[in-house]
Structure formats: structure tokens, C-alpha cells
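Here is a brief report on one protein model. It goes from the overall fold to a cavity, then to some individual residues.

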Amino acid sequence: MSKMFFLIVSILLFIGCSSQKEVAIKSAMFQTVTKKEAIVLSKENHNASCPRCGMDLIKYYKTNHAASLDEKTYQYCSIHCLQEHLYDGVSLKNPQVVDVNSLKFIGVDKAYYVVGSSVKGTMSRVSKYAFSTKEEAEEFKKKYGGEVMDFYKALEVAKKDFRSRR
């Protein structure tokens, strides 16, 4: 009996002490990019955080939006925070969004949004990701679901987050 016990323990120790050196690393969130890949437009924003909610702009980069007001550029973690700023009654100029594929800012009037995909969004249960071409948006939609729409329709969806508050 003790020989059998010793044999089982030895086998378990041998299996537990394998030479596998790879460690599973938790994958980053879809929205996240490296600091080198991110573009921070605001000169005043040294810590790269959203001026509305304080969230990390690099961690939530693929949903970033930006706009100008009184010669100052505001960069937001999401369309949600852009909309929240608009609710203050301001007139933002030159609104832009990050294109998911190129990671560059593009004018919102040139963007195709995929709204409601299975990929987690930022500041909302309903995700909103922007693409520079309709083909790229459709490809993302095929993979993750959602609906392709323009900025103004995506903004209407974002406004629903505030209906109970305003």
C-alpha cells in the first residue's frame, strides 16, 4: 500500500514539475493599445485621462473621440463622454474619432460606426467602434455583430445612456 502511495505521489510530482515555461498572459482589452501606438491630442493632458470621467485614454483608446472648444482640444475615452460634454450646451468643433484599424483620428463625418457588437464598449453597455471605411465596418460586424451606422445615429444611441438622468 505504501509503495502504491509513493508511486502515485511521485507521478503527480513529476507531472506538476513539467518543463513548460510559457505562462498564460491575460489578453488586453480590445480597446487597449500601447502608449507608443496612442495619439494624445490634448497638449494640456499630460496624464492621458478623459476630462469628463478620468478614465485612461490609452486603455480605452479604440473608442477615443476628440473635439475642440475655445482653441483647446478635448480628448474623450468614448462617444459617451463626448455626448456628456455636449449636454453642457457647448458647441464642439472638429469632432474626431479613432479608426479601430489604423489607430489614427478621422473626422466623425467620415466614420462608419459598428454599434452593439459583442466586443465590450467603453462607458456604455452598447459598444460603439468606428472605422474609416464601410467595408472594414462590415467585416467587424460579420465577426462580432452589431449594426453599421453613421456618427449621428451612433450619437443618438449614446444619448440613451443619459435619458434617465436628464
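## Ground rules

Two residues are in contact when heavy atoms of theirs lie within 4.5 Å. The model is predicted.

## Overall fold

The protein has 4 helices and 7 strands. Read from the N terminus, the order is α-β-β-α-β-β-β-β-α-β-α.

The chain has 166 residues, and 40% of them count as buried. Take the contacts with a separation of 6 or more: 60% of these join residues 24 or more positions apart. The exposed surface comes to about 10,800 Å². Carbon and sulfur atoms supply 55% of that surface.

## The cavity

Rolling a probe the size of a water molecule over the atoms shows where empty space is left. How many cavities of 30 Å³ or more does a search of the whole structure find? The search finds 1. The largest cavity holds about 50 Å³ of space.

Its lining draws on several stretches of sequence, listed here in order: Thr63 and His65; Ser78, Ile79 and His80; Gly121, Thr122 and Ser124; Val126, Ser127 and Lys128. By class, the lining has 8 polar residues, 2 nonpolar and 1 charged.

## Ser78, a lining residue

Ser78 is one of the residues that line the largest cavity. It sits in the loop between β2 (72–76) and α2 (79–86). Is Ser78 buried or exposed? Ser78 has a relative accessible area of 2%, and the cut-off for buried is under 20%, so Ser78 is buried.

Which residues does Ser78 touch, leaving aside those up to four places away in sequence? They are Thr63, His65, Thr122 and Met123.

## Two positive phi angles

Most residues other than glycine have a negative phi. Met123 has a positive phi, near 65 degrees, and is not a glycine. Met123 lies in the loop between β5 (112–115) and β6 (128–131). Its relative accessible area is 32%, so Met123 counts as partly exposed. Met123 is also among the residues that Ser78 touches.

Asn94 is another non-glycine residue with a positive phi, about 50 degrees. Where does Asn94 sit? Asn94 belongs to strand β3, which spans residues 93–98.

Note on methods. Residues are numbered from 1 along each chain as its sequence is written. This is a predicted model: local features need pLDDT of at least 70, side-chain atom pairs count only at pLDDT 80 or more; totals for chains, interfaces and linings use all residues. Side-chain values use heavy atoms; hydrogens and water are left out. Buried means under 20% relative accessible area, exposed over 50%, partly exposed in between (1.4 Å probe, protein chains only). Accessible areas come from the Shrake-Rupley method with a 1.4 Å probe; for residues, only the protein chains shown count as cover. On a 1 Å grid over the protein atoms alone, a cavity is a set of points where a 1.4 Å probe fits but cannot get out, and a pocket is an open set with protein on both sides within 12 Å along at least five of seven lines; lining residues have an atom within 4 Å of a point. Grid points are joined across faces, edges and corners, and a volume is the space filled by probe spheres set on the points. Ala, Val, Leu, Ile, Met, Phe, Trp, Tyr, Cys and Pro count as nonpolar, Asp, Glu, Lys and Arg as charged, and the others, Gly among them, as polar.
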